[in-house]
Amino acid sequence: MVETTSFVLGDHQHNDNYLASDEEIPTIDYSLLLSHDPYQRSIALELLAHACKEYGFFYLKNHTMPDNVLKNVLKGISNYFDPTTVDERRIYYENGPSDNVRWALKANDGENREYLKVVAHPKDLAPSNPTSLSKIIEEYNNEMRKIVVGLARAMSKNLGFDENYIEKAFHMKLGFDVMAMNLYPPISKSKSDIGLPNHTDPGFVITLMQDVNGGLQILSHKGKWINVYIPHHAILIQLGDHLEILTNGKYKSHVHRVIVNNNEVQRLSIVTLHGPSLDKFIVPDTKFVDDENPQNYTGMTYKECLEANGGNQIDVQSSLDLIKLVRMRV
Ligand SMILES: O=C(O)CCC(=O)C(=O)O
Ligand SMILES: [Fe+2]
């Protein structure tokens, strides 16, 4: 079983097919989005609108994630991925569909990472195992959710709605959050250059924090691969497929991947897909549909979207291609 072997000494050929440019990625100051000074706030909102429309991803600084919460989660996960206890983790490999935990160790040509995925919200779906992690994951996600709600309010205003618009459209109180904790090996222990192949992610936004930078690349609007170097303490925000659907493509999600060919040390990332509630039907808002902008996507519940590729909820694969309406040009 390829997926459950250990990372072994890499023997692949290095190649430069995965070069990306160091183009600047916008940085948004979270504290200014919430500023009581209307002038500061309006400038921050404008920068956010630009980042959402022209990029679809940005760094978020001066946010409210407490240092100790981030430290605890990085330390807890790093301990969890102890290579000497790998066998204890196999119980989460291809679990039953209702066990909201997934673990795998991928060491092959197309993917090199160890990961643990858990449902982090709503609480009644979140697993109590692994016990060593459930508390710190809960704490981290509670803090991250506050930040995500702040972003939802700012984006709602930018889209011309009242500030609760996105929270309601996605029924965020019961939002389905999946947390993926990824450990990428250094290139010396990787089977190929690829940590994680090209994909987009479902949901409203995807938040990412990490221990060190290394190998995440995003395909820009203009079709150029860009290296991601998250400033210390910042959060990478990527817009998800369901914000793209809701806005009928005004705000887009982006293909991204992880390339490990320059990584001398291992890297840990904590990625959370903040989704709508499972039963929420997501379809382009009529506000974004007119003669010039015909409806680009069909509607589906979030649950149907997550399961559309034959997986189940925790496999969280994008189904954007399946629900795009293909139009004949006349
Ligand atoms: O680890 C990273 O840098 C990206 C991971 C990712 O894209 C994902 O888990 O969906
Ligand atoms: Fe991703």
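User: Which residues are around ligand 1?

Analyst: In this predicted model, the residues around ligand 1 are Ala180, Asn182, Leu196, Asp201, Leu208, Leu216, His256, Val258, Ser269 and Val271. Each counts because its C-beta atom, placed from the backbone, lies within 6 Å of the ligand.

User: Which elements give two or more residues to that shell?

Analyst: They are β5 (177–184), β11 (256–259) and β12 (267–274).

User: What makes up the shell by class?

Analyst: Six residues are nonpolar, three are polar and one is charged. Asp201 is in the shell, and Asp counts as charged.

User: In what order do the strands of the open sheet run?

Analyst: The eight strands follow the order β1-β2-β10-β7-β12-β5-β4-β3, with mixed pairing. From one strand to the next, the twist averages 25°.

User: Why are β1 and β3 called edge strands?

Analyst: Each pairs on one side only. β1 covers 27–29 and β3 covers 101–107.

User: How do you know that β3 and β4 pair?

Analyst: Pairing needs at least two bridges. β3 and β4 (residues 112–121) have seven, in the antiparallel sense. Therefore they count as paired. As one example, Trp103 has Leu116 in β4 as its bridge partner.

User: Which strands does helix α5 touch?

Analyst: Helix α5 (residues 131–158) packs on the sheet and touches β4, β5, β7, β10 (235–239) and β12. Its direction makes about 75° with that of β4.

User: Where does helix α3 lie?

Analyst: Helix α3 (residues 67–80) lies across β4, β5, β7 (205–210) and β12. It runs at about 115° to β12.

Notes:
Residues are numbered from 1 along each chain as its sequence is written. Chains are lettered from A and ligands numbered from 1 in the order in which they are written. This is a predicted model: local features need pLDDT of at least 70, side-chain atom pairs count only at pLDDT 80 or more; totals for chains, interfaces and linings use all residues. Helices (H or I, at least four residues) and strands (E, at least two) are DSSP runs, numbered from the N terminus. Axes are lines fitted to C-alpha atoms, for helices over the stretch in contact, and angles run from 0 to 180 degrees between N-to-C directions. Two residues are in contact if their C-beta atoms, placed from the backbone, lie within 7 Å.
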